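Here is a short briefing to read alongside the structure. It starts with confidence and then takes each chain in turn.

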Amino acid sequence: MPIRVALVGAGAHGHSHASAMNYLGTNGMDIKYELVVDENPARAAILAAEFKIPHSGDLGLLSSFSGDGVDICTPTHTHLEIAEICVNLGLPVLIDKPLSQNFHDADFIINTFKNAKVPLQIGYSTRFDPLLSRLKQSISDGVIGIPGLVTINHLQGYSWANGWSAWQQNGQKSGGRIIHFGIHDLDFACWVMESRPISVRTIASKKIDQAIASWTSYSAQIFFESGALALVTGNWDVIPANYWRKTCSVIGSTGSIKYDSADDEISLSSQNTEPVGYLASIINELKHWRECLVGNTEPIVSLEQARMSLALAVAAQNSAENHGATVQIEEILHGSK
Amino acid sequence: MDQNRNIRVLMAGAVRHAFDYAPIITSHPRMKLVGIAEESDADLWKIDLARELAKKCGTSFFSIEDALSRKDIDLVVITTEPTRHTSLAIQAIKAGKNIIVDKPVATSIADAEKLARTIEESNLVASYFHRLFEPTVERAKEFIQSGQLGLPLTLDLTWISSNSLADEGGEIVTGKQLSGGGEIRNFLGYPLDIVLWLTDLKPVRVYAASNSITSKDHAASGVENLATIVLAMESGVRANITVGRGPNAGNGIFTTSIVGSHGFLSVNENRPTLEIATTAKDFKSSINFEQENFEKLFNLFLNDFVSALDGKTHVRRTLLDGCRIAGLIDLACTSASTSQPVAVNF
C-alpha cells in the first residue's frame, strides 16, 4: 500500500510540493497525495485538476482523513491552527519553515507534538538541495578539517508592497523576511558548522520599495560556540525580478569548499548526475519524509535544530530592528518573544 | 617632471614584496632603480635582505639615512614590513621624495593620521600599492558610472587567499611587531579599496568579527586568520566583506557582487568573469577576461604613477586614500577584538 498523505495549501509552495510528489509517483515511489485542502476552494480545485487529487476548501475535512500524514504548505501564521488539528488526529506532519512567526508558538507546536508522540518534521528544503547536501557531507567527512567560517549570500528578485506574496512581507503573518526567507540560510549555516550559535548581529535595510513592511536585505554575523563565524547575507531587492542565486563558501583548517548556484556544481567535484535546483530539493525532502513515515530513518532536521534555527532567525530579526545590536540566542530560547 | 627623463627609484626595505616589485621596476621603460636601502640600525636579517636584493638587481645598497639626502632620487618605494611603513614614508616625504608605500600604509589610526598630515603639507606625488587596475574592477566601475546598474545598494566581496602562510613570510604576516598582526591588516585593504573606489561613499560604522580556529600559526601569534566585516556606509549602502587565508582554496576565492537599484553585477576573479543583469531590455551578459598576471597589473599601476609625475594626470589613489583605508582597517581590528561595532569619525 502506498503512503497516503494530504496536502494543505494550494499556493505556490503547495504547487511545488505537488509537482515534486508527482515526480516521485512517476518514478516508482510509493507515496502520494490523496487530498488537497485550501481555504480558497478555487485554488484547491485548480491544483487538484492539474495533479488529479481529490480536493476541498474545508479544513474540517481533515478530521475524516485516514491517511498517513499531512504536508502543511500554508502561510506561516496559519501553521499553529492546522498543526493542532493534525496532532489531535494523531497525523504525522511535515510543515514548511518557519514553524511559526514567533518563538513562543513554535515551542508550543513542538511540545504539543512531543507530548502526543506524533512525528513532526520542519521543511528546511535547502538542506535537501543535492549539491548543498554534498557540501555538508564533505564537511562532515572531514574533507576540509575544522570549519572556521561559512559565508552564504542569497540574491533574489525584487517584489513590491502588497503584491501577490504580500503576506511574506507582513511581520504578523510571516515573522518578516529575515525569518521567512533568511531562516533557510541561517539554518544551513548552523547545520554545516555543526556548532551551536551563541549570538548574532544583523544590519538590514530596505531600498527599492520603501512601502514594503519588511527588510529587503540583511547581513548577519553569527558567532558559534566552536569559535567559528558565519556571514549570512540576503537580498530580495535584486533586479531583474526573476533573479535567483545562492553562493556559499566554507573555509576549514585543511581545505575550503565553495558553491555557486550559477555553476550548479561545487568545487570539490564536477560530477553531477542528480537533479539540481529548488524542485530537486523538494523531491528529496518528500522522499526523506516518506522514509521517516515508514520508520526507515530519523528526520535530517531534528526538532531541536529547527527550534535553534528559528531562535537564530528571530534573534537576527531582533538585532536588525535594533540597528545591529548583538543578540544572544539564549535570550530568545528563554525569553518570551 | 621632464617626460624624457628616467625616474630614479630607491627601494626602502626588502622585507616582503620587494623581491616581486624590483624586477618590474627595473624593467619599466621610465624607471631606473638606483638602489636598495635599509635603516642602519635595522635588524641584521633586514639589512641582509636589502643587500641580497641590491645584488640581485645589480644595484647599490645604501643606508636609508644616506639615501634620502641624495639629490639623484625622485621616488622612494617603501617595501619594509608594515609597522615601519609610516615612519619611513614620513622621512621620505620630509626629504622631498615622491613616494609609493606598500600596503597597508599604516598599522594604527594614529600613524595613519600622522602620515596624512605630513603628506597634506607637501605637494609630492604619493600613492600606495592597490589592485584597482584589475580589468574586471575597471569594467565594474564603468558600468556603475554609466548608470546602468543604478545606485549601488549592497556589495558582497570575498577575498580568501590560498597562498600558504610560509610562502608569504610567516611571521611577517602574523607577527604583531612586523605586520601589526593578522589577515585583516594583511588583506582587508584590497576589498575595502574596491568598495570605496566603486561607490565613492564613506563608511560610517564597522562591524567586524574574526577567529583563528583554522590556523595554529595564527592562533599561536594571537592574530586572526579569518574575518567578516560589515560596513554600514553613507546613504544606507552596505558592504559585506570576508577576508582570510584558506588552505587549498584552489586559486583562492576572489569575488565581488553588487546589487544596484537597476541591476546586478557579479565579478569572479578566479575565472575571471563579470556578469551583469539589468532591467534594460532584459539585458544580461557575461564578459570573460584573460587571467591577468601580476606584472601587467603592476605596470599599469606604475604607468599611472609616472603619468602623475609627468603632470598629465592625478594618481588613481593618493596616499591620503591609503591613510583612510589604513584607518578603517584599524577600526575593523578594534571591532573584531572587542566584538563591538565601531563608528568611523574620519
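## Confidence

This is a predicted model. Chain A has a mean pLDDT of 91, with 96% of its residues at 70 or more. Residues 265-273 of chain A fall below 50 in pLDDT, and beyond near neighbours in sequence this stretch has 20 contacts in the model.

**Chain A: fold and dimensions**
- Chain A has 11 helices and 14 strands.
- Its radius of gyration is 19 Å, close to the 20 Å that the globule rule gives for 337 residues, so chain A is as compact as a globular protein of that length.
- The C-alpha atoms of chain A fill a box of roughly 50 × 45 × 45 Å along the principal axes.
- Among contacts in chain A between residues at least 6 apart in sequence, 71% link residues at least 24 apart.

**Chain A: burial, surface and charge**
- Buried residues account for 59% of the 337 in chain A.
- Carbon and sulfur atoms hold 51% of the accessible surface of chain A, which is about 12900 Å².
- Chain A carries 23 positive and 33 negative side chains, and the centres of the two sets are 2 Å apart.

**Chain B: fold and dimensions**
- Chain B contains 13 helices and 15 strands.
- A compact globule of 346 residues would have a radius of gyration near 20 Å, and the 20 Å of chain B agrees with this.
- The box filled by the C-alpha atoms of chain B is roughly 60 × 50 × 40 Å along the principal axes.

**Chain B: burial and surface**
- In chain B, 63% of the 346 residues are buried.
- The accessible surface of chain B is about 13600 Å², and 48% of it belongs to carbon and sulfur atoms.

Note on methods. Residues are numbered from 1 along each chain as its sequence is written. Chains are lettered from A and ligands numbered from 1 in the order in which they are written. This is a predicted model: local features need pLDDT of at least 70, side-chain atom pairs count only at pLDDT 80 or more; totals for chains, interfaces and linings use all residues. Side-chain values use heavy atoms; hydrogens and water are left out. pLDDT is the predictor's confidence in each residue, from 0 to 100. Contact means heavy atoms within 4.5 Å. Helices (H or I, at least four residues) and strands (E, at least two) are DSSP runs, numbered from the N terminus. The radius of gyration is taken over C-alpha atoms; the globule rule is 2.2 Å times the number of residues to the power 0.38. Buried means under 20% relative accessible area, exposed over 50%, partly exposed in between (1.4 Å probe, protein chains only). Accessible areas come from the Shrake-Rupley method with a 1.4 Å probe; for residues, only the protein chains shown count as cover. Lys and Arg count as positive and Asp and Glu as negative; His and the chain ends are not counted. The place of a charge is taken as NZ of Lys, CZ of Arg, CG of Asp or CD of Glu.
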